[in-house]
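Let's take a walk through this protein together. Have the sequence and the model open beside you as you read.

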Amino acid sequence: MGWQKEFTLERRAKGCHLVTDEILKHIQPGLKDVQAGMLFLFIKHTSASLSVNENYDPDVRKDMDMALDHIVPEKLDWLHTDEGPDDSVSHTKASLVGSSISIPITNSRLNLGTWQGIYLTEFRRMAHTRTVVATIMS
């Protein structure tokens, strides 16, 4: 059996943002009665990503943003800058981090580790809303 919902996350500017609780609000009806299944999350954008990482210390989110800026610097001679200097650099980072994640569901709950949470990694400086498609398979 499958369940699917498309929803929009709150507007956020560049950085790594913990969005586990926001996503749970949207998918709660789909989790009901799922004893064993999978949640698939897909972000419908090319300049932001989803990932699973440390959910406790906010310094991890700052470190992740800093490391991605170091790995893919904006100062390169990017050709695709139609929407500003962070255009192509954002697309490159999104390709590295990824557009989808999967999380097991056990007894109607996300089966994340103790210190794991869902990140929205926004690569554009200007704040954007982001659309996510959640699919639950049981």
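Why does S88 count as buried? This is a predicted model, and in it S88 has a relative accessibility of 14%. Buried means under 20%, so S88 falls into that class. To find S88, look in helix α3, which covers residues 87-97. Leaving aside residues up to four places away in sequence, S88 touches W78 and H80.

Now turn to the sheet. Five strands make up an open sheet, and their order is β1-β8-β3-β5-β6. The pairing is antiparallel. At the edges you will find β1 (2-12) and β6 (109-110), each of which pairs on one side only. Further in, β3 (residues 36-43) and β8 (residues 128-137) run antiparallel and are joined by six bridges.

Next, follow helix α1, residues 20-31. This helix lies across β1, β3, β5 (100-106), β6 and β8, and runs at about 165° to β1.

Helix α1 also leads us to the largest pocket, where it supplies five residues, the largest share of the lining. Along with α1, both β6 and β7 (116-122) supply at least two lining residues each.

Technical notes: Residues numbered from 1 in each chain as written. Predicted model: local features only at pLDDT ≥ 70, side-chain atom pairs only at ≥ 80, totals over all residues. Heavy atoms only, no water. Pairing = 2+ DSSP bridges. Helix = DSSP H or I, 4+ residues; strand = E, 2+ residues; numbered from the N terminus. Contact = heavy atoms within 4.5 Å. Axes fitted to C-alpha atoms, helices over the stretch in contact; angles between N-to-C directions. Buried < 20%, exposed > 50% of the residue type's maximum accessible area, 1.4 Å probe, protein only.
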